[in-house]
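This report looks at one protein chain, going from the fold as a whole to a single residue. Please keep the sequence and the model in view while reading.

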Amino acid sequence: MKTYIIILDGAADRPIASLDDRTPIEAARTPCLDQLAREGQQGLLTIIRQDICPESDNGAMALLSYDPLEYYTGRGPLEGLGTGFLELSDQAVSFRINFASYNEQEQLLDRRTARDLTEDELQALTQEIKDKVFLTGFNDITFDLVSFRHHRGIFCLRSDTLPLSGNVSNTDPGFRKDGPFGIPVDNFVPRPLKCQPLENSQGAQNVANLVNQFVSRSREVMNNSTINRQRKAQGLLPANTLLLRDGGDPPRAIPGFYEKYQRKLSFYGQMPAEKGLVHLMGGCFTYSNPQAGEEEEDYLRRSVQQITSDPNDVIFIHLKSPDEPGHDGQPLLKLQAIETIDRCFMAPLLQRLAPADLCVVTSDHATPCELGIHSADAVPIILYGRSIVPDATRAFGERYAATGGLPIQRAIDLLPYVLRVENAGQAVMVAE
């Protein structure tokens, strides 16, 4: 008996006029997901809290029953742990970064311009920064920098002797820091911010000073880079500034997954933060991305074969494709991403499920197309399996899920409930 938890990243949404006031999930042709809805139970889940917009890492934490309000220390630290930049005992701070474009004369910032960077351009810019930026005025301080996925990266500061605290503000104006959480900012002024200490400590002051120095010097390097001169000559915006956010100290140890549930966890994800999270839980992490030249459809079919061959008990897989169209305000592309998952992932998965298996399908957060950012909206969830008594819902979607019979409303309650159902199903099989 296995439990599969399938995450449709950012798929949850709000009714959209161009889709006849339906959400992308409701408007999509999803015969397999609709079958799960008819034969299982649906509900709406609040991922963290109604006033906290989840990210994929703390959303996954909640869906695996670890309360982010208790255990989460920030995205940056998980990213640093996942890349191997830091360990739990280090004196270090870690941030997530965006390669962005800033026009100083017009004071206009495009937070995600560098999405059109080629991988070679991105890595060359990263290496230039690592080679040419030197932090001065502090003894015994080093930094690490890595980039990935067109415009993203991780920045880590480390020292054996210098006090460091990650309780500092973001330089990214699109997000403000509230404890360990990054909160989206509506109608922000489009220019980078200075990093400020958020506590009265030498460690926070040190980190704010170091971050501001690093951002300034890396901007000089990127402005003078051959790559950006070539981009401007081609009419492309230069990737000439780094935006830092979600900084924090190394994560705290948390209870092991097997210790909690006597189940072995496998997590198939796409981000270093997820690898860091699974490292804390004591599970098995596998990067799950399309390979070079691989079409999305082929990647999805390959992923089904991979997860159904996994010997562990709880299999968690994060499917990324619905999220970016939500950020870009493209409901038709989001609808098409959901349809592709239904056709190329859910259909073969249904053929390979064993009779005793349980299947959960949900989102780690909503990314409404009208907002272009994550929201704290409740997300639809299906629970399907032999031991599940079907409710009256007939199709998958937000409005259907609101009338469903699944008796839980919080993400942190999902796994305990699913495993109770699993245990009950095992008891029935033994009796039979």
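## Overall fold

The protein chain, shown here as a predicted model, contains 15 helices and 14 strands. Along the principal axes, its C-alpha trace spans about 75 × 45 × 40 Å. The radius of gyration of the protein chain is 22 Å, which agrees with the value near 22 Å that a compact globule of 432 residues would have.

Of the contacts in the protein chain that link residues at least 6 apart in sequence, 73% join residues at least 24 apart.

Of the 432 residues in the protein chain, 59% count as buried. The accessible surface amounts to about 17,600 Å², and carbon and sulfur atoms account for 48% of that area.

Pro24 belongs to helix H1, which covers residues 24–27. Because its relative accessibility is 0%, and buried means under 20%, Pro24 counts as buried.

Leaving aside residues up to four places away in sequence, Pro24 touches Asp13, Arg14, Ile16 and Leu19, and also Pro331, Lys334, Leu335 and Ile338. Asp131, by contrast, is 107 residues from Pro24 in sequence, and the C-alpha atoms of Pro24 and Asp131 are 45 Å apart in space.

Technical notes: Residues numbered from 1 in each chain as written. Predicted model: local features only at pLDDT ≥ 70, side-chain atom pairs only at ≥ 80, totals over all residues. Heavy atoms only, no water. Helix = DSSP H or I, 4+ residues; strand = E, 2+ residues; numbered from the N terminus. Buried < 20%, exposed > 50% of the residue type's maximum accessible area, 1.4 Å probe, protein only. Contact = heavy atoms within 4.5 Å. Rg over C-alpha atoms; globule rule 2.2 N^0.38 Å. Areas by Shrake-Rupley, 256 points an atom, 1.4 Å probe, with all protein chains shown as cover.
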